[in-house]
Amino acid sequence: MPRKFFVGGNWKMNGDKASLGELIKTLNSAKLDPNTEVVCGAPSIYLEFARAKLDPKIGVAAQNCYKVKGGAFTGEISPAMIKDVGVHWVILGHSERRWVFGETDELIGQKCAHALENGLGVIACIGEKLDEREAGITEKVINAQTKHFADNIKDWSKVVLAYEPVWAIGTGKTASPAQAQDVHDKLRQWVKANVSEAVANSVRIIYGGSVTGGTCKELGGMKDVDGFLVGGAALKPEFVDIINAKQ
């Protein structure tokens, strides 16, 4: 079975009802590749708004969640709440959660387990920092991060792995198609050796890190690049070009 191309748009902490409403109108009226799965990651306060306004064929993701159903956890949201507003995906382990908010591999793994147990799909983010790439330990870093996810995943059909080199996020630097393919291939080999060959063949591994309308076609042509997680460009009309990268 070929892996269905997957494009996620991570809106991060951006937008308001007016600007996101305009973006949603652009997406709803655009001719999108029917063979690409599209999911938009909205700020938690706009999840219900995004789900109500976006065409049903476009999925919605929360950008984070906690590891339990409810309780005295001020400022957090749970998978149960996310599902209650009609949303079926969550982004976990994003580098900004790791490096700005100090989330550990262990916590991210626990969140992943709870999200999957409660029926959410998970966009599981991994990636190395610049000093780690320059030290030649990219593979070691992403394998360790992936292991914390894998230890908490029973059903891989609900998981998309997102490789996001931290040095390429929001910097305008993009991993070359060859660099992206190299890491994605090694990730798939790790999954084959540590999970199963069937999962390695079926799991989608997407690339994130300054993806634009100009870089998406060549990146998307790599054998093991199964889509993108897009930041800044997901707030612009060029997101349509990225969704249609395989056409």
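Helices (H or I, at least four residues) and strands (E, at least two) are DSSP runs, numbered from the N terminus. The views below show a predicted model, in which local features need pLDDT of at least 70 and side-chain atom pairs count only at pLDDT 80 or more, while totals for chains, interfaces and linings use all residues. Residues are numbered from 1 along each chain as its sequence is written, and side-chain values use heavy atoms, with hydrogens and water left out.

On a 1 Å grid over the protein atoms alone, a cavity is a set of points where a 1.4 Å probe fits but cannot get out; a pocket is an open set with protein on both sides within 12 Å along at least five of seven lines; and lining residues have an atom within 4 Å of a point. Grid points are joined across faces, edges and corners, and a volume is the space filled by probe spheres set on the points. The structure holds 1 cavity of 30 Å³ or more, and the volume of the largest cavity is about 40 Å³. Its lining includes Gly93, His94, Trp99, Cys125 and Glu164. Helix H4 (95-99) and strand E5 (121-126) are the elements that give two or more residues to this lining, and H4 gives the most, with 3 residues. By class, the lining has 4 nonpolar, 4 polar and 2 charged residues, where Ala, Val, Leu, Ile, Met, Phe, Trp, Tyr, Cys and Pro count as nonpolar, Asp, Glu, Lys and Arg as charged, and the others, Gly among them, as polar.

The largest pocket has a volume of about 550 Å³. Among its 22 lining residues, Met13, Gln63, Asn64, Arg97 and Phe101 are the closest to its centre. This lining comprises 11 nonpolar, 7 polar and 4 charged residues. The second largest pocket has a volume of about 230 Å³. It is lined by 20 residues, with Gly170, Ser210, Gly231, Gly232 and Ala233 nearest its centre; by class, 5 are nonpolar, 11 polar and 4 charged.

A disulfide is a covalent bond between the sulfur atoms of two cysteines. Here the term is applied to a pair of cysteine sulfur atoms within 2.5 Å, and the count comes to 0 disulfides. For Cys112, the nearest cysteine sulfur is that of Cys65, 8.9 Å away. For Cys125, the nearest is that of Cys112, 11 Å away. Cys112 counts as buried because its relative accessibility is 0%; buried means under 20% relative accessible area, exposed over 50%, and partly exposed in between (1.4 Å probe, protein chains only). Cys125 is likewise buried, at 1%.

**View D. The largest nonpolar core around Phe228.**
A nonpolar core is a set of buried Ala, Val, Leu, Ile, Met, Phe, Trp, Tyr and Cys residues joined through side-chain atoms within 4.5 Å. The largest has 67 residues, and Phe228 is one of those that touch the most other members. Helix H8 (residues 177-194) gives the most to this core, with 5 residues. Leaving aside residues up to four places away in sequence, the contacts (heavy atoms within 4.5 Å) of Phe228 include Phe5, Tyr207, Leu219 and Ile242.

**View E. Val68 in its loop.**
Val68 lies in the loop between strand E3 (59-62) and helix H3 (79-84). With a relative accessible area of 30%, Val68 is partly exposed. Not counting residues up to four places away in sequence, Val68 touches Phe73, Ser78, Pro79 and His114.
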